[in-house]
Amino acid sequence: MAINDSVKLGKEVKIFHPDLVNLYSCEIGDETKIGSFVEIQKNVIVGAKCKVSSHTFICEGVIIEDEVFVGHGVMFTNDIYPRATNEDSSLKTEADWSVTKTYIKRRASIGSNATILAGITIGENAIVGAGAVVTHDVPDYATVVGVPAKIINSIPNMGEFANSSLLSSIQ
């Protein structure tokens, strides 16, 4: 495990056990904390003042804004239809697929052991409960739990999303 020379670390980033992480070609914002046994792949952006807890995997294509909490053992994906081989049975290479982006908005919190599928946006100040499997976008200020994750709460009076088609498509 290592911190590759291509990693861009902001000011006062705290990596608790540098020998027990795998970071390469990613960008980590100021004052962010990274726990042990975390892997952050190339082209990932983690914002300022985030906390990424131990045993978390953040794959290429994930963009995490500022002040986000990522619990222990959170798993991100970046391929909607993963396969090991092509139709002709040849092994897939990086050239055989494209990254599906995932966005985690400012001040969101993701509980331990959650799985975030590719192409998802988790809204500002949203909460993902521990163990949830997030298969749809999560609106700003919503709390989701379960498998698949469903909205159980949102901060009252947060405006239009409470009656939006997005909300009804998740429930």
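Which residue of β7 does E27 stand opposite? The residue across from E27 is I45. Before going further, bear in mind that this is a predicted model, where local features need pLDDT of at least 70, side-chain atom pairs count only at pLDDT 80 or more, and totals for chains, interfaces and linings use all residues. Residues are numbered from 1 along each chain as its sequence is written, and side-chain values use heavy atoms, with hydrogens and water left out.

E27 belongs to the pairing of strand β4 (residues 27-28) with strand β7 (residues 45-46), which run parallel and are joined by two bridges. Strands here are DSSP runs of E with at least two residues, numbered from the N terminus, and two of them pair if DSSP finds at least two bridges between them. In general, strands of a sheet pair through backbone hydrogen bonds, either parallel or antiparallel.

Zoom out and you find an open sheet of six strands in the order β1-β4-β7-β10-β13-β16, paired in parallel. β1 (8-9) and β16 (121-122) are the edge strands, and each has a single partner, so one side of each has no neighbour in the sheet.

Now follow the chain into the loop between β4 and β5 (33-34), where T32 sits. T32 counts as buried because its relative accessibility is 0%, buried being under 20% relative accessible area, exposed over 50% and partly exposed in between (1.4 Å probe, protein chains only). A polar atom of the T32 side chain lies 2.6 Å from the backbone oxygen of G47. Leaving out residues up to four places away in sequence, T32 touches E12, V13, K14, V46, G47, A48, K49 and C50; a contact means heavy atoms within 4.5 Å.

That loop between β4 and β5 also holds E31. E31 has a phi near 65°, a positive value in a residue other than glycine, and counts as partly exposed at 40% relative accessibility. R107, in the loop between β13 and β14 (109-110), also has a positive phi, near 65°. R107 is partly exposed, with a relative accessible area of 39%.

N86 is in the one between β12 (75-76) and β13 (102-104), and setting aside neighbours within four places in sequence, N86 is in contact with L91, K92 and D96. Finally, P148 lies in the loop between β19 (142-145) and β20 (150-154), and a cis peptide bond with omega of about -5° joins V147 to P148.

Conventions: Helix = DSSP H or I, 4+ residues; strand = E, 2+ residues; numbered from the N terminus. Polar contact = N/O pair within 3.5 Å; in protein donor to acceptor, adjacent residues only side chain to side chain.
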